[in-house]
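User: I should like to learn how to read features of a fold from its coordinates. Could we work through some cases together?

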Amino acid sequence: MILILEADLGEQSPIFRQLLTHLRGLAGIQFRVHREQGAEQVLNEIYLIGDTKQLRVEDMEALPGVEKAIRVSREYRMLGRHTGDQRTHGFEYNGVRFSQDNLHVFAGLCAVDTPEHVEQMLRALQDNGQVCARMGAYKPRTSPYAFQGHGKACLPWVFDLAGKYGIRVIAMEILHESHMDEIREALEMTGHPTGVMLQIGTRNTQNFALLKAVGRQQALPVLLKRGFGITLEESLNAAEYLASEGNTKVIFGLRGMKSNLGDPHRNFVDFAQVPVVKRLTRMPVCIDPSHSVGSRDAGPDGIMDIFHVAAQGVVAGANMVLVDFHPDPMTALVDGPQALLLKELPWFLEDVRLAREVYEERRLLATAQADMVESDS
């Protein structure tokens, strides 16, 4: 059960302390307090864990300071959708709003290589009106001899360049708790010219120690990619690990499943589950066409598979697109064969815009149909 408290009810107020005293006296019930910073006010939520079936919603809503009690109807307590839950979905970070109702493109280098390439990429994004990017400083590789990323050495100049070109949020994968500390230190050292969305890759989806560590900090949002060899339910529970530790600013990423059934693509594309994740949870959903397809192959129509796959995800309602670009893919240190060219950026963004327009029209059509059915009943 979730208790939504009255707006701006401080933890030091007598009403708040009275409520906690009452909750401590409930047999078989434990609780956790979560503070949610909204655009205009701070909201406190209390998550009750244990034998909550004994508790009546009406009784809990009558407690001092409680505005609404929500019976948890799904396993994903904090990130799931629950009956009667009218809370605002999504979050804002560094001036950018993320929710299930909008769309952002994070284009950039899968792996940071040179300052010149980073600057060319960021300049192209600015020229095309973009405020988000992807930049990989830490790279998990199958081979121990492959390039592992420049790590913390590149962070200061990447962040400075991002600020120079107006990039508000950079998606950056981390592999270890220490990488999170290095990112925060570099942001502090450079004066916070940009923001970072911590990315947990498919190999670490069930690295529970890392999930807990990332979840304990609430300053930086998190993009969690689905595990490429596990079920959707297992990956959604991984996201719940983040939220259970306190960080509910989570975006769920679909990046394809490891299966030869997807050949000749790099992975079997799982973007049909965009609406499934949005139905089960309150998380925005990201798609990663580059790592799903893994090549620049195109059909007889001249449209690359990456474009087709991205459009499929966006038409299904995706809220974020993570896509690889590079000024010179032939010299890219990671995943060059799948990287799009900077001159293709305007084309890609326009293709995404068209797909989003189709989604919006489909959503209006569904709303009109629902209204018609309701009026006939």
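User: Is Leu 125 buried or exposed?

Analyst: This is a predicted model. Buried means a relative accessible area under 20%; Leu 125 has 0%, so it is buried. The residue is found in helix H3.

User: Which residues does Leu 125 touch, beyond those up to four places away in sequence?

Analyst: Its contacts are Ala 107, Gln 130, Cys 132, Ala 133, Ile 167 and Leu 345. Take Ala 107: it lies 18 residues from Leu 125 in sequence, and their C-alpha atoms are 7.8 Å apart in space.

User: Which residue of E8 stands opposite Ala 107?

Analyst: Ala 107 stands opposite Ala 133 in E8. Strand E7 (104-109) and strand E8 (residues 132-135) run parallel and are joined by 3 bridges.

User: In what order do the strands of the barrel follow one another?

Analyst: The barrel is closed by 8 strands in the order E7-E8-E9-E10-E11-E12-E13-E14, with parallel pairing. Neighbouring strands of this sheet are turned against each other by 25° on average, direction ignored.

User: At what angle do H3 and H4 cross?

Analyst: The axes of H3 and helix H4 (residues 155-164) cross at roughly 25° and come within 9 Å. Angles under 35 degrees count as roughly parallel, and H3 and H4 are therefore roughly parallel to each other. The contact involves Pro 115, Val 118, Glu 119, Leu 122 and Gln 126 of H3, together with Trp 157, Val 158, Leu 161, Ala 162 and Lys 164 of H4. H3 passes H4 in a right-handed crossing.

User: What angle is found where H6 and H7 pack?

Analyst: Helix H6 (residues 208-216) and helix H7 (residues 232-244) pack at about 40°, their axes being 7 Å apart. That angle makes H6 oblique to H7. H6 passes H7 in a right-handed crossing. On the H6 side the residues are Phe 208, Leu 211, Lys 212, Val 214 and Gly 215, and they meet Ala 238, Tyr 241 and Leu 242 in H7.

User: What span should helix H11 have?

Analyst: Helix H11 (residues 345-376) has 32 residues, and at 1.5 Å a residue it should span 46 Å. Its end C-alpha atoms are 47 Å apart, which agrees.

User: Which residues of H11 are buried?

Analyst: An α-helix has 3.6 residues a turn, so residues three or four places apart point the same way. The buried residues of H11 are Leu 345, Phe 348, Leu 349, Val 352, Ala 355, Arg 356 and Tyr 359. Among the elements that cover them are E7, H3, helix H8 (274-280), helix H10 (305-315) and strand E14 (320-324).

User: What is the phi of Asn 94, and where is Asn 94 found?

Analyst: Asn 94 has a positive phi of about 50° although it is not a glycine. Asn 94 is found in the loop between strand E5 (91-93) and strand E6 (96-98). Its relative accessibility is 28%, so Asn 94 counts as partly exposed. Asp 335, which is not a glycine either, has a positive phi of about 55°. The place of Asp 335 is in the loop between E14 and H11.

Terms used: Residues are numbered from 1 along each chain as its sequence is written. This is a predicted model: local features need pLDDT of at least 70, side-chain atom pairs count only at pLDDT 80 or more; totals for chains, interfaces and linings use all residues. Side-chain values use heavy atoms; hydrogens and water are left out. Helices (H or I, at least four residues) and strands (E, at least two) are DSSP runs, numbered from the N terminus. The expected span of a helix is 1.5 Å times one less than its number of residues. Buried means under 20% relative accessible area, exposed over 50%, partly exposed in between (1.4 Å probe, protein chains only). Contact means heavy atoms within 4.5 Å. Two strands pair if DSSP finds at least two bridges between them. Axes are lines fitted to C-alpha atoms, for helices over the stretch in contact, and angles run from 0 to 180 degrees between N-to-C directions. Angles under 35 degrees count as roughly parallel, over 145 as roughly antiparallel, 65 to 115 as roughly perpendicular and the rest as oblique. A crossing is left-handed if the near helix is turned anticlockwise from the far one by less than a right angle, and right-handed if clockwise.
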